[in-house]
Amino acid sequence: MSSNADPYKTSNKHLAPRPGFVLDVDRSSPPILFHHGDQFKLEKLPAGRSRVIYPPEPLEGLADPEGAIRHALANPIGDSEPLAALLHPDMKLTIAFDDISLPLPPMRRPDIRQRIIEAVLDLAAEAGVDDVHLIAALAIHRRMTEDELRHAVGDRVYDAFAPSGRLYNHDAEDPDGMVVLGETPHGEDVQFSRRAAESDLVVYVNINIVSMDGGHKSTATGLSGYTSLRHHHNVHTMRNSTSFMDQKNSALHASNWRMGEVIRDAGVKIFQIETTINNNTFGRTGPLSVLQKREWEWNAKDRASFIAMQKGLEVLPSKSRRKIFSSWQAPYEMTSIQAGEVEAVHEITTANVFKQQSVAVEGQTDILTMGLPYICPYNVNSIMNPILVMCLGLGYFFNMYRGKPLVREGGVLIMSHPTPWEFHPVHHPSYIDFFEEVLADTTDPIEIERKYEKKYAEDEWYIHLYRNSYAYHGVHPFYMWYWGSHALQHLGRVIVVGGDPAAVQRMGFQSASTLQDALEMASDVVGPQATITHVKNPPIFMSDVT
Amino acid sequence: MKALQFKRNIGRYAAARIAGSFTPGRGSSVGPLKLADLDAPEMPGPDWVQVRPRLSGICGSDLATIDGRSARYFEPLVSFPFVPGHEVVGDLTDGTRVVLEPVLGCVSRNLDPTCPSCAAGHLGNCQHTTFGNLEPGIQTGSCHDTGGGWATAFAAHPSQLHPVADTLSDEEAVMIEPTACGVHAALKAQGAATIAILGAGTLGLVTIAALRAQNPDAQILTTARYPHQRRLAAQLGADHVVAPQEIRRAARRHTGSRAISLHTDDGAVDRLSGGVDAVVDCVGSSESITDGLAITRPGGRIVLVGMPSQVSLELTPLWHREIQLIGAYTYGTETAADGTPVRTFDLAADLVSTADLGQLVSAVYPLNRYQDALEHAAGAGRRGAVKIAFDLRSEKERDQL
């Protein structure tokens with residue numbers, strides 16, 4: 001400990017953050033801001049039957065993050081010794097960390113991972129540990145570029161480890177680099193990084209942005225490969241995860257926990273470091289701050305800056321808009337850090353996630369609307385292709401609930417996004433084929449899984465690109481589709497506002513040019529006076545639906 | 001007799017080229033093609049007979065001529081003025097229903113001895129198409145002396161005629177000639193286990209049917225631009241049907257190849273490391289042949305069925321991967337599996353019947369609506385059609401001959 005001050009004290013620089021809020025729309029309600037990819041729309045929702053869920057305001061960040069990190073490492077939670085006590089000369093130490101998919105958008109420097117890794121390395125150096133490897137635990141995501149790794153771990157760490165090959169991306173297709181540790185009682189193979197498995201200690205550095213992240217999933221998924229992933233990244237699991245953000249009702253979570261036990265029983269010692277961040281996505285001040293304000297509280301300056309931004313974006317080509325938003329780094333602040341034994345740590349982490357994100361909501365509606373932003377976990381510095389639009393809407397946003405979905409069974413989901421028929425050939429090569437071949441044949445997740453998954457998973461070219469280029473694994477677009485399979489089963493219709501009609505149709509959805517058209521189309525399914533919920537996400541939040 | 005006649009007229013030819021470049025088929029309204037009242041053609045020789053067409057199809061090569069796009073290569077191979085039309089089912093004066101095998105080879109030109117190609121039964125390769133007692137013309141429909149199918153009558157040599165079985169409708173019978181082209185092309189891809197067919201117009205569809213009939217176990221991948229083409233391609237035997245711009249990725253997937261990109265490992269598919277055994281190109285454009293070169297495996301072959309004109313190609317892959325680029329023009333005599341010779345038209349007639357290729361005739365027009373017919377044919381794909389034909393069965397001039 002470097003000081004006697006409370007390391008968990010918050011900065012307390014701002015007014016007490018307000019909790020989430022449900023606005024019942026009446027005739028005096030202003031138009032609501034909808035994200036629409038890299039543009040925005042103001043939409044008037046029908047009065048008397050619509051509600052808007054607003055996220056809680058950002059919690060205060062920790063005043064002394066470095067102090068909190070040191071304190072967490074020295075005061076572990078659960079059945080674990082302090083990190084310093086676990087380090088000794090001649091040991092093999094592996095530090096694994098979350099990849100580019102977290103957080104969203106990327107956070108301003110210094111990234112939390114850098115701060116924690118530097119602290120861990122300081123302790124390792126003090127203990128005389130020489131054999132240290134750092135691994136981006138990306139499972140079957142694309143490899144991180146040098147710039148992205150530098151952003152995550154900092155230049156000092158990168159320059160010290162990368163040139164000597166001790167900082168690298170996980171390679172789930174390296175036949176010599178992966179090992180099967182065993183099988184769960186459910187017959188699930190547990191495949192794991194050989195380096196991590198053979199280490200005396202694995203330190204995992206996590207950033208928890210949603211309640212699905214962290215815990216055993218960090219290592220059981222992040223350091224695994226297709227051999228393991230196929231057991232829980234499948235349609236059956238996703239349809240039985242209601243939702244996958246709710247650990248108690250998530251088959252995905254349960255499978256990862258079973259695998260975590262196998263990893264532990266195989267003798268892999270893990271020191272888990274988990275952090276939570278606030279939802280200060282667009283800043284309390286600055287050019288995008290209006291995006292996280294409630295519309296009726298916009299002042300003249302907010303209105304002017306929004307109109308200027310909206311008009312400016314309208315005249316720009318999409319590439320320029322993408323570039324502008326890709327450069328945005330969120331001023332996230334760390335709100336908690338806990339370290340030690342995986343499950344004990346994760347319980348506290350999850351509680352801290354909900355402290356920031358939970359909003360109490362009563363009952364379901366007939367229609368759920370959402371404005372999808374420009375980014376999801378799999379298009380950082382890339383293109384939001386149609387499959388990712390589906391995954392973000394029907395996978396992530398739809399599943400941001402506990403209790404029951406915000407929309408009733410058989411209801412309608414209306415998403416606003418341009419959904420261009422556009423793919424990043426470097427990052428998403430198998431997505432292009434998935435879109436051209438698989439979705440042209442069927443959109444049924446079960447059929448897709450049965451007929452096509454294995455072929456894509458074992459395609460040598462995709463494997464080559466995953467290992468040597470910056471491509472997501474061949475099977476990744478399947479997982480994106482499965483991610484939405486619970487929603488696909490639950491919903492009566494999906495309508496995309498402002499999307500490329502051909503791309504929307506390819507996915508089996510309906511296309512509408514305006515929200516009013518979409519609501520009219522929805523009335524075929526849910527009647528003319530349907531009730532509506534709009535989720536004002538981002539900033540991210542979680543609905544506790546009773 | 002009533003006929004559509006194509007005269008040599010440079011000014012009108014240029015106008016057709018311009019009009020056709022804006023709206024395919026529009027060359028018919030400003031070009032050298034005119035509806036005319038002509039004398040029936042005299043018989044070029046004692047054996048020749050008069051044929052009165054019932055249906056006469058419109059082919060891609062006809063449209064190229066009408067829109068001023070045909071290659072100068074053909075200039076010495078035709079004789080003006082001529083009456084187009086070479087996909088014909090018609091009647092002889094004795095009422096026998098026949099289809100025309102339009103190639104004008106040595107026999108019909110009264111040449112003896114015949115050229116080696118004709119002697120071997122490969123009429124399409126006749127080496128004497130500008131010689132003998134006929135004006136130049138590689139086929140009926142491009143020779144001044146014979147007339148052509150877009151008329152109420154034309155002259156034919158008995159060696160060009162095949163009686164039509166009563167079981168075949170006129171719509172089926174008029175498909176025999178284009179089907180024979182597909183059969184001939186498909187035979188040039190024989191032995192290939194993986195085949196890509198580029199294009200799903202008439203030629204593409206009949207080639208799919210022929211390949212499926214000849215190669216029951218082959219994996220057939222085809223491109224199709226329009227929904228009805230996709231449906232028909234699948235119905236006629238294609239295993240996988242994709243949009244033209246998707247062919248490289250699709251061929252990679254179905255052959256288990258890797259892709260080679262101009263930028264190392266960038267995920268784009270510029271060409272394949274391996275590829276299909278054979279490509280049958282039914283388009284014949286720079287783009288389609290380039291696609292063919294990108295997706296054919298080393299040592300494979302590309303069969304060019306679609307009539308090309310001038311194309312611009314990077315031939316390095318042809319050289320480096322030792323790909324054969326071979327033409328497939330018309331038909332003649334093929335070798336059956338048991339080694340016996342068989343006329344392509346006989347194979348085609350069987351295939352038309354078994355594969356129900358009469359369904360490909362989408363619309364018929366009387367001769368006096370020839371501009372509508374030609375525009376329909378030129379825009380067949382986007383208008384949901386395949387084969388457009390002239391219907392001469394109700395032309396009163398036909399009965400006055």
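Here is a short chat about a predicted model with chains A and B.

Me: OK, new to this one. How many residues of chain A are in contact with chain B?
Reply: There are 14 on the chain A side, and they meet twelve residues of chain B. Helices α15 (429–441) and α17 (460–468) of chain A each supply at least two residues of that chain A side.

Me: And what's that side made of, by class?
Reply: On the side of chain A that touches chain B there are seven nonpolar, four charged and three polar residues.

Me: Switching to domains. Which ones does the assignment give for chain A?
Reply: Domain 1 covers 21–54 + 362–545, and domain 2 covers 65–277. Their C-alpha centres are 29 Å apart. The contact between them takes 30 residues from domain 1 of chain A and 27 residues from domain 2 of chain A.

Me: Which elements give two or more residues to the domain 1 side?
Reply: In chain A, those are β15 (401–402), α16 (445–457), α17, α18 (476–483) and α19 (485–490). By class, that side of domain 1 has 20 nonpolar, seven polar and three charged residues.

Me: You mentioned β15 of chain A. What sheet is it in?
Reply: An open sheet of three strands, in the order β13-β20-β15 of chain A, with parallel pairing. β13 (358–361) and β15 of chain A are at the edges with a single partner strand each, so one side of each has no neighbour in the sheet.

Me: How many bridges join β15 to β20 there?
Reply: Two bridges link β15(A) to β20 (residues 542–545) of chain A, and the strands run parallel. A:Y401 is opposite A:S543 in β20(A).

Me: Where is the cis bond in chain B?
Reply: A cis peptide bond joins B:F80 and B:P81, with omega about -20°. B:P81 is in the loop between α3 (60–66) and β4 (87–92) of chain B.

Me: Let's talk cores. Which residues have the most contacts inside the largest nonpolar one?
Reply: A:L413 and B:I195, in a core of 282 residues. Helix α14 (residues 386–397) of chain A gives the most to this core, with nine residues.

Me: What does A:L413 touch?
Reply: Leaving out residues up to four places away in sequence, A:L413 touches A:L368, A:G393, A:L394, A:F398, A:V407, A:A487, A:L491 and A:V494.

Me: Now chain B. Which residues of helix α8 are buried?
Reply: In α8 (residues 227–236) of chain B, the buried ones are B:Q229, B:L232, B:A233 and B:L236. Down the axis of α8(B) they fall within an arc of 105°, so they line one face of the helix.

Me: What do they pack against?
Reply: The buried residues of α8(B) pack against α7 (202–214), β9 (219–223) and β10 (240–242) of chain B. After α8(B) comes B:G237, with a positive phi near 130°.

Me: What about B:E322, which isn't a glycine: what is its phi?
Reply: B:E322 has a positive phi of about 50°. B:E322 is in the loop between α11 (316–320) and β15 (324–327) of chain B.

Me: Buried or exposed, that B:E322?
Reply: B:E322 counts as exposed, because it has 11 C-beta neighbours inside 10 Å.

Me: And B:T330, buried or exposed?
Reply: B:T330 is buried, with 21 other C-beta atoms within 10 Å. Its phi is positive too, near 45°, and B:T330 is in the loop between β15 and β16 (333–335) of chain B.

Notes: Residues numbered from 1 in each chain as written. Chains lettered and ligands numbered in written order. Predicted model: local features only at pLDDT ≥ 70, side-chain atom pairs only at ≥ 80, totals over all residues. Contact = placed C-beta atoms within 7 Å. Helix = DSSP H or I, 4+ residues; strand = E, 2+ residues; numbered from the N terminus. Nonpolar A, V, L, I, M, F, W, Y, C, P; charged D, E, K, R; others polar. Domains from an automatic or database assignment. Buried ≥ 20, exposed ≤ 12 C-beta atoms within 10 Å, placed from the backbone. Arc of directions from axis to C-beta. Core = buried A, V, L, I, M, F, W, Y, C linked by C-beta atoms within 7 Å. Pairing = 2+ DSSP bridges.
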